[in-house]
Amino acid sequence: MPTSIDWESVTREATVLLQEYVRIDTSNPPGNEAKAVEWLGQVLAAEGIAFETAESAPGRSNLIARMGPPADAVCLLNHTDVVPVEREYWNRDPFGGELADGFVYGRGTLDMKGMGIIELLTFVLLKRRGVALRRGIIFLAAADEEAGSAYGVSWIEKHRPEWLACGLVINEGAYGLTGIGGRDTPLFQIAPSEKVPFWLQLTVRGRPGHGSVPHGDNCAEHLVRALDRVAGWTQELRPTPLMLAHVEAMNAAGAMSTSGVADILKAAERSPALRARISNTISLTTMNTGIKVNVIPAVATATLDCRLLPDVDPDGFLAELKRVIDDDRVTIEVLNRFEGGESPLESEFARVVREVVADMVEGSQVVPELTSGFTDSRIYRSRGVPAYGFVPCLVQPEDLAGVHGHNERLSVDNLRLGIQVLYEVVRRLCAA
Ligand SMILES: [Zn+2]
């Protein structure tokens, strides 16, 4: 029987590792994830853990480490890149890895270098303790998630498909929360599905001319009228079974006072975050046209960031959008397109998570969730591999603003909790 884990010492180790990891600037673009892979490789090598790397482009790299029997492995998936920062809004150096007031500060602490360290320590601890495994464990650190995964998991799918072979993926996509609805109930969330990005570019070409002589065929005016019709297109609010389960679980935990479809529809009027998880959404994100105040332009473009519910057919949505725009002069180019997927909510994984958090965190609840953003899990789900968003930290709602925002931070207590919970979940799933 191995001795019990010295969690004080593991927490100190994890804190230093997260500080070092944050100091590696992997802002994407350009990414520079090879630097992160080199550092992760040094940590693994010091533990005597074998790993492979794969360069997807100059300066861009991915890393995999495996242990145990290969069949039906549990993959601890994380991305090494982060979104860029607006330094002037930060109170601390976003790449300083500062430790203050019990928090590690910096870009990526929440999204998702903190979870990366939690996964790394889970993997390393299982190795160090020589836990006998009946199923394999994979640690996979991928590049380029924040820019759509072309040099990360999508590249791996094309060039190293064997890296994706596994039976279960644990990834970002749903933080545990506390302090919701004015209560300190610990809520651990599991996301078996996510909204699906569908990015479009609209283009209108027209006759250029002198601004002093309007000729009635101004492409910019065409585009503005088309966009006005898009903005006026009402999206149906439709709570899926997963979102109904989410709201019921939040209600049962006292974190929401909403129950039933009629209630959800009413609550969605006040909550953009809830609305985004029960409907398709369209955000007009860029518009470009014109070169000078007195020249009628020859071309006008706009981009739409559409996010579809996971069961919506993108082609059907596009056909409907064309009908709404109702103008042959507007051409629509699909910039990216993915199929939605949903992993089973009831699974061995969900059962083990419920058992572990019930044992470890008093009064905690497990809540199913639909991720409103997108993650690399989508690529696994489309291959039929169950993938879950599950970050077992208990984040305060105000700290969530740090995700892609300013003053991003993760508490040392959360780092410790995350490793304790994930270690136990993975141990129960994989130990012989
Ligand atoms: Zn992320």
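Trainee: How many bridges join β4 to β5?

Mentor: In general, strands of a sheet pair through backbone hydrogen bonds, either parallel or antiparallel. Here β4 and β5 run antiparallel and are joined by two bridges. Two strands are said to pair if DSSP finds at least two bridges between them. Helices (H or I, at least four residues) and strands (E, at least two) are DSSP runs, numbered from the N terminus. Please note that this is a predicted model: local features need pLDDT of at least 70, side-chain atom pairs count only at pLDDT 80 or more, and totals for chains, interfaces and linings use all residues. Residues are numbered from 1 along each chain as its sequence is written.

Trainee: Which residue of β5 is the bridge partner of A100, and what is the order of the sheet?

Mentor: The bridge partner of A100 in β5 is F103. The sheet is open and has three strands in the order β4-β5-β17, with antiparallel pairing. Its edge strands, β4 (99-100) and β17, each pair on one side only. Helix α1 lies across β4 and β5, and runs at about 15° to β5. Such angles run from 0 to 180 degrees between N-to-C directions, with axes that are lines fitted to C-alpha atoms, for helices over the stretch in contact. Two residues are in contact if their C-beta atoms, placed from the backbone, lie within 7 Å.

Trainee: Which strands stand at the edges of the sheet of four strands?

Mentor: That open sheet has the order β11-β13-β9-β14, and its pairing is antiparallel. β11 (281-289) and β14 (330-337) stand at the edges; each has a single partner strand, so one side of each is left without a neighbour in the sheet. From one strand to the next, the twist averages 20°. Eight bridges join β11 to the antiparallel strand β13 (residues 299-308), and L304 in β13 is the bridge partner of L284.

Trainee: Which helices lie across these strands?

Mentor: Helix α5 (residues 219-231) lies across β9 (196-205), β11, β13 and β14, at about 15° to β13. Helix α9 (residues 314-325) lies across β9, β13 and β14, at about 155° to β14.

Trainee: How is the protein divided into domains?

Mentor: Domain bounds come from an automatic or database domain assignment. Domain 1 comprises 7-195 + 341-430, and domain 2 comprises 196-337. Their C-alpha centres lie 31 Å apart. In this model, 20 residues of domain 1 are in contact with 20 residues of domain 2. On the side of domain 1 that touches domain 2, β8 (187-194) and β15 (365-371) each supply at least two residues. The largest share of that side, five residues, comes from β15. By class, that side has eight nonpolar, seven polar and five charged residues. In this grouping, Ala, Val, Leu, Ile, Met, Phe, Trp, Tyr, Cys and Pro count as nonpolar, Asp, Glu, Lys and Arg as charged, and the others, Gly among them, as polar.

Trainee: How many residues does the largest nonpolar core have?

Mentor: In soluble globular proteins, nonpolar side chains tend to be buried together. A nonpolar core is a set of buried Ala, Val, Leu, Ile, Met, Phe, Trp, Tyr and Cys residues joined through C-beta atoms within 7 Å. A residue is buried if 20 or more other C-beta atoms lie within 10 Å of its own, exposed if 12 or fewer, and partly exposed in between; C-beta atoms are placed from the backbone. The largest core here has 93 residues, and those with the most contacts inside it are V74, C75 and L140. Helix α12 (residues 412-430) gives the most to this core, with ten residues. The core draws at least three residues from each of domain 1 and domain 2. Leaving aside neighbours within four places in sequence, V74 is in contact with residues including R135, I137, V426 and L429. A second, separate core of 17 residues includes L202, C219, C306 and F374.

Trainee: Where do S149 and N407 lie, and what is the phi of each?

Mentor: Most residues other than glycine have a negative phi, and most peptide bonds are trans. S149 has a positive phi, near 80°, and lies in the loop between β6 (137-142) and α4 (153-159). S149 is buried, with 25 other C-beta atoms within 10 Å. N407 also has a positive phi, near 55°, and its place is in the loop between β16 (387-395) and β17 (409-411). N407 counts as partly exposed, with 17 C-beta neighbours inside 10 Å.
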